[in-house]
Amino acid sequence: MRMLLAFFVAVLLLSDPFESAREKMVRTQIAARDVSDSATLRAMRTVQRHRFVPESWRDAAYDDRPLPIGYGQTISQPYIVAYMTELVKPQRGHRVLEIGTGSGYQAAVLAEIVDSVFTIEIITELAKPAADLLKSLGYGNAVVKNADGYYGWKEKGPFDAIVVTAAAEHIPPPLVEQLKDDGKMIIPVGTPFFVQTLTLVEKRGKDISTKSLIPVRFVPFTRGK
Ligand code: SAH
């Protein structure tokens, strides 16, 4: 009897009550729109988004919207996370830099696909819990640094891809420098607090091309003192 009870408790602990909500999120918000990259869809199906939002918002974790994560910051809408992920064409073996760790969710999605993720967060109070959470969920291949991401992370570069999740008024030149030849960067560019343009930057030798994609609203890219 006691064994049976222990078994049911174990099953309950191991099961994920949000699995069907997550599946529905991928089907209706992501695959039904235009995201089709199989690695991206698999990562979106796997990462437990509810673990990255504050307790009080847990029931809304799989809704089609950004959510507050404290300190005036937000975790992006699931579709935007998937769209940005697909655009940098992440692959196993890749080394990716993210600017704006926030909750750590985007970093986890990338860490499901690529070999190593380096992510920088300027707010200390967010960087520490995100690092702890990523570690506790088994994303040992995602490393968090508390710094101003404008300068990138030169010692860890060059990167196959860079994902910037805060709205910048211009594309930081150090980030372009730290992209590999043939590397891709996705970054919201525009005026903070207004609508920005999600921009894809591609580097081919000395040739840097930029492509404007969709209008987005991100929290501002702030600068260290
Ligand atoms: N990728 C995050 C979304 C975070 S919102 C997620 O999945 O949850 C954007 C984050 O960028 C905020 O946490 C903000 O503090 C951070 N940020 C803004 N300017 C920054 C900078 N210069 N360097 C590093 N992080 C920055």
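Ala, Val, Leu, Ile, Met, Phe, Trp, Tyr, Cys and Pro are counted here as nonpolar, Asp, Glu, Lys and Arg as charged, and the others, Gly among them, as polar. By these classes, the shell around the ligand holds twelve nonpolar, ten polar and three charged residues.

The structure is a predicted model, in which local features need pLDDT of at least 70, side-chain atom pairs count only at pLDDT 80 or more, and totals for chains, interfaces and linings use all residues. Residues are numbered from 1 along each chain as its sequence is written, and side-chain values use heavy atoms, with hydrogens and water left out.

**The ligand and its shell**

The ligand is surrounded by 25 residues, and the closest are Ser103, Glu121, Asp148, Gly149 and Thr222. Strand β2 gives the most, with three residues. Helices (H or I, at least four residues) and strands (E, at least two) are DSSP runs, numbered from the N terminus.

| Residue | Protein atom | Ligand atom | Distance |
|---|---|---|---|
| Gly100 | backbone N or O | nitrogen | 2.9 Å |
| Gly149 | backbone N or O | nitrogen | 2.7 Å |
| Thr165 | polar side-chain atom | nitrogen | 3.1 Å |

Taken alone, the ligand exposes 580 Å², and the protein buries 99% of that. Accessible areas come from the Shrake-Rupley method with a 1.4 Å probe; for residues, only the protein chains shown count as cover.

**Pockets**

The ligand takes up the space of the largest pocket. A molecule sits in a cavity or pocket if more than half of its atoms lie within 2 Å of its grid points. On a 1 Å grid over the protein atoms alone, a cavity is a set of points where a 1.4 Å probe fits but cannot get out, and a pocket is an open set with protein on both sides within 12 Å along at least five of seven lines; lining residues have an atom within 4 Å of a point.

The largest pocket has a volume of about 390 Å³. Its lining has 29 residues, of which Gly100, Glu121, Thr165, Ala166 and Val219 lie nearest the centre. This lining divides into 15 nonpolar, eleven polar and three charged residues. Its largest share, three residues, comes from β2.

The second largest pocket has a volume of about 260 Å³. It is lined by 14 residues, and Pro66, Thr74, Arg217, Phe218 and Val219 are the closest to its centre.

**Backbone geometry**

Most residues other than glycine have a negative phi, and most peptide bonds are trans. The peptide bond from Gly157 to Pro158 is cis, with omega near 0°. Pro158 is placed in the loop between β5 (142-146) and β6 (159-164). Lys89 has a positive phi, near 50°, and lies in the loop between α4 (78-87) and β3. Asp182 has a positive phi near 80° and belongs to strand β7 (residues 179-189).

How values were computed:
A residue is near a molecule or strand if one of its heavy atoms lies within 4 Å of it. A polar contact is a pair of N or O atoms within 3.5 Å; within protein, one must be able to donate a hydrogen and the other to accept it, and residues adjacent in sequence count only if both atoms are side-chain atoms. Grid points are joined across faces, edges and corners, and a volume is the space filled by probe spheres set on the points.
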